[in-house]
Amino acid sequence: MTSWKKQLGDRIPEQLAGEVDLFEGQIELKKQGKIDDKIFAETRLRRGVYGQRYDNGLRDDGTGQKTLEFPCGDLTKGPDTVWDAPGMMRIKIPFGKLTADQLDVLSELAEENSDSILHVTTRQDIQLHFIHIEEAPDMMRRLASVGITTREACGNSVRNVTACEYAGVCTTQAFDVTPYADAITKYLLGHPDVQDFGRKFKIAFSGCEDNPCGLVTFHDLGAVAHVRDGKRGFRVVVGGGLGAVPVQAKVLAEFCPEEELLPLAQAVSRVFARLGEKQSRARARIKFLVQKVGIDEFKKLVAEEREGLRPDERWTAFLDDLHSTDEKPVREAGPLPADAPAGFQKWAEHNLKPQAQDGYYVAVLKLPLGDFTSAQGRALADLAREYTGDSIRCTVEQNLAFRWLSGADALAFYERLVALQMAEAGAGTITDMTSCPGTDTCKLGISASRGVTGELRRRLTLVEDQLDPAVRNLRMKASGCFNSCGQHHAADIGFTGVSRQVGGLKVPHFNVVLGGQWTENSKSYGLVVGDIPSKNIPKAVELITKQYLDNREGDESFQAFIARVGKKEFRTVLAPIQKPPSYEEDPSYYSDWGNPREYTIGDIGVGECAGEIVPFVEFGLQEAEHQLHDAQDALEAGQAVAAAAGGFTAMVTAAKALVRHLEVQVKDDADDVVGNFKTHLHDTSVFHDPFAKGKFANYLLKMHGDKSYENATDETAHRALDEAQLFLEAAHGCYQRLTEAASAAAAE
């Protein structure tokens with residue numbers, strides 16, 4: 001292995017060099033068994049080194065099927081381990097800004113240490129997969145030599161600070177938020193007040209209210225640029241989040257003057273570190289603290305904390321030179337070509353955005369699934385040097401944006417992209433989908449989100465020119481599990497991976513989520529309208545969009561149409577494709593997109609024909625889903641209390657089905673059901689998901705205890721339905737595990 005420590009020498013900042021040396025020493029201690037596993041796990045996460053799933057072969061190099069998933073380097077097994085299991089490195093790219101030199105180094109690392117693929121995330125990071133932990137320190141040194149750190153890219157820390165990719169060149173911004181995102185990144189990186197969080201903390205900036213680029217509403221801390229009486233400042237929100245139960249951020253300050261931004265963020269961090277949950281990771285995000293104490297009390301706590309802070313010159317030092325992050329064009333401005341070929345015109349329609357500066361444009365490169373190759377990366381770095389300079393931005397929709405492209409160079413730029421096979425049109429349209437890694441590399445993945453979005457992209461691209469503009473401009477996003485890394489809650493049409501059991505076999509499914517709003521910084525979140533077999537998702541998209549086009553009024557938007565007709569109508573539309581065929585009729589339903597292996601773990605017994613023998617528990621779970629659908633309809637009708645109560649009833653019904661499946665006698669009374677559920681399923685951990693532990697069970701226990709559904713508001717009812725949905729998913733998972741255990745016992 002090449003050592004870069006001596007070769008790079010003075011090119012590595014002293015502080016970063018020391019941090020990497022320390023991490024390298026910790027790796028050696030771990031290999032010798034001299035450092036606690038939990039301590040080292042958090043250490044490597046805070047350095048951006050993750051374990052990853054790699055057993056499904058979706059990104060295999062052709063050497064064959066891999067075995068079980070391990071953390072990076074199999075770090076859980078002690079000093080005698082063989083460190084040959086690959087992992088993932090997440091690389092922080094603050095507000096998405098990349099220079100040409102940085103892109104070169106990232107591309108070299110992808111080729112030399114990874115699988116030659118660079119992946120853009122929804123937080124404007126770059127991820128490299130299939131890396132080996134012993135190579136990580138030298139990789140970090142090479143990154144540090146071009147000003148990049150992986151510190152606090154993961155773990156219980158302030159994650160990568162995101163911002164609108166058009167900041168500074170946007171036609172609708174109040175002002176450029178780039179220097180503020182840069183300042184808060186540098187101020188909080190390694191700050192002692194952000195080292196004792198119970199969970200991660202995400203910050204976002206937006207230059208305006210109306211557009212979605214900053215997406216501040218689902219962040220732990222968000223700042224939207226405003227000018228009041230000629231003075232710059234921000235509307236600051238706190239406590240937002242997607243995850244399993246999405247929450248809209250609350251207003252912390254209607255107008256925070258620019259000089260108060262950093263001390264306010266510090267005060268919020270200190271309150272979160274002191275009062276945030278530490279024992280239960282399920283409730284350790286700041287959104288739960290805000291919910292617990294209320295936004296008014298939280299404001300008071302932050303104000304008191306702010307008063308007690310010791311002054312820090314760094315709070316305002318950056319304001320002396322707000323132009324330090326400005327970018328300069330490398331070519332003269334010019335108009336777009338008057339007689340450009342058709343291919344360029346089609347690409348320019350959605351991929352070329354006029355800047356506020358006349359004669360310049362932002363060129364958006366649409367990346368399939370957020371991926372590009374190391375060879376493409378190096379070529380793009382050269383392209384940037386020639387046409388746009390150091391002004392590349394990773395976007396939250398997993399694309400790359402090249403700013404400061406002269407209109408006079410646009411055609412030549414496009415032709416170079418064609419040669420690189422990177423000139424795909426339709427950025428920001430229905431064919432430009434967002435997806436988390438799903439079952440490709442994520443240990444939490446349930447269904448193949450990348451697989452299904454890849455298939456949808458393929459099919460829709462074939463008919464893209466025939467799509468109605470109203471459909472073409474929809475956003476679709478997919479998450480492989482309930483954690484919402486693909487931001488499916490905020491999409492026009494979203495998908496979240498789930499699993500169902502049919503005739504004793506597991507079938508990959510996706511919950512279909514409708515009603516989310518991407519614009520206005522993600523103004524609203526959608527709700528589940530039904531679960532669909534993964535192989536029927538393309539048909540579901542066809543049915544949903546057809547229903548919209550056939551029944552909309554005038555130029556009615558998709559969100560307005562859903563609000564008018566209700567989600568109940570879409571459940572009827574999707575009903576014919578919800579039940580998969582039996583394995584004998586079509587075994588393809590029992591494997592996921594992009595993975596030929598069967599999704600199933602085992603069948604329920606020899607000789608049973610799928611569909612003929614249906615256990616009582618399956619009827620109970622089905623009834624619970626119908627009750628949840630009715631509750632969602634009640635929420636749409638403005639009946640918050642009825643909706644929340646319906647969500648609680650659905651959880652009770654599912655719990656009762658599971659308890660009876662254990663052959664425990666239980667009454668129809670909710671108190672008896674919940675009591676028996678706690679005794680036989682919660683306290684025994686039988687219900688607990690391997691990753692979520694007792695999180696979803698607590699949704700039922702808490703609602704039963706505090707009767708919060710009796711005084712529900714629209715917001716709390718929405719949250720109750722999200723929680724009920726997750727409880728039902730956990731109930732399906734519990735039933736599957738019980739079935740597998742029974743099957744294994746019978747085989748013995």
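**Exercise 1. Find what Arg-472 touches, skipping residues up to four places away in sequence.**

Solution. Start with the contacts, meaning heavy atoms within 4.5 Å: Arg-472 touches Glu-349, His-350, Thr-429, Ile-430, Glu-464 and Leu-467. Helices here are DSSP runs of H or I with at least four residues, strands are runs of E with at least two, and both are numbered from the N terminus. Last, check burial, where buried is under 20% relative accessible area, exposed is over 50% and partly exposed is in between (1.4 Å probe, protein chains only). Arg-472 has 11% relative accessibility, so this arginine counts as buried.

A quick word on the model: it's a predicted one, so local features need pLDDT of at least 70 and side-chain atom pairs count only at pLDDT 80 or more, while totals for chains, interfaces and linings use all residues. Residues are numbered from 1 along each chain as its sequence is written, and side-chain values use heavy atoms, with hydrogens and water left out.

**Exercise 2. Work out whether Ile-203 is buried or exposed, and list its contacts.**

Solution. Go to strand 7 (residues 203-206), which holds Ile-203. Its relative accessibility is 2%, so Ile-203 counts as buried. Now skip the neighbours within four places in sequence: the contacts of Ile-203 are Arg-123, Val-158, Asn-160, Val-161, Thr-162, Ile-184, Leu-188, His-219 and Leu-221.

**Exercise 3. Describe how helix 6 (residues 178-188) and helix 7 cross.**

Solution. First the angle: the axes come within 10 Å and cross at roughly 45 degrees. Axes are lines fitted to C-alpha atoms, for helices over the stretch in contact, and angles run from 0 to 180 degrees between N-to-C directions. That angle makes helix 6 oblique to helix 7; under 35 degrees counts as roughly parallel, over 145 as roughly antiparallel, 65 to 115 as roughly perpendicular, and the rest as oblique. Then the residues: Tyr-180, Ala-183, Ile-184 and Tyr-187 of helix 6 meet Leu-261, Leu-262, Ala-265 and Gln-266 of helix 7. Sorted by class, this contact has seven nonpolar, one polar and no charged residues. For the classes, Ala, Val, Leu, Ile, Met, Phe, Trp, Tyr, Cys and Pro count as nonpolar, Asp, Glu, Lys and Arg as charged, and the others, Gly among them, as polar.

**Exercise 4. Identify which residues of helix 8 (residues 286-293) are buried, and what covers them.**

Solution. The buried set is Ile-286, Lys-287, Phe-288, Leu-289 and Val-290. Their cover includes strand 9 (231-238), strand 10 (250-257), helix 7 (261-275) and helix 9 (295-307). Just past helix 8, Gly-294 has a positive phi of about 90 degrees.

**Exercise 5. Find the residues with the most contacts inside the largest nonpolar core.**

Solution. A nonpolar core is a set of buried Ala, Val, Leu, Ile, Met, Phe, Trp, Tyr and Cys residues joined through side-chain atoms within 4.5 Å. The largest has 55 residues, and Trp-347, Leu-380, Leu-400 and Phe-413 have the most contacts inside it. Helix 4 (residues 100-113) supplies the largest share, six residues.
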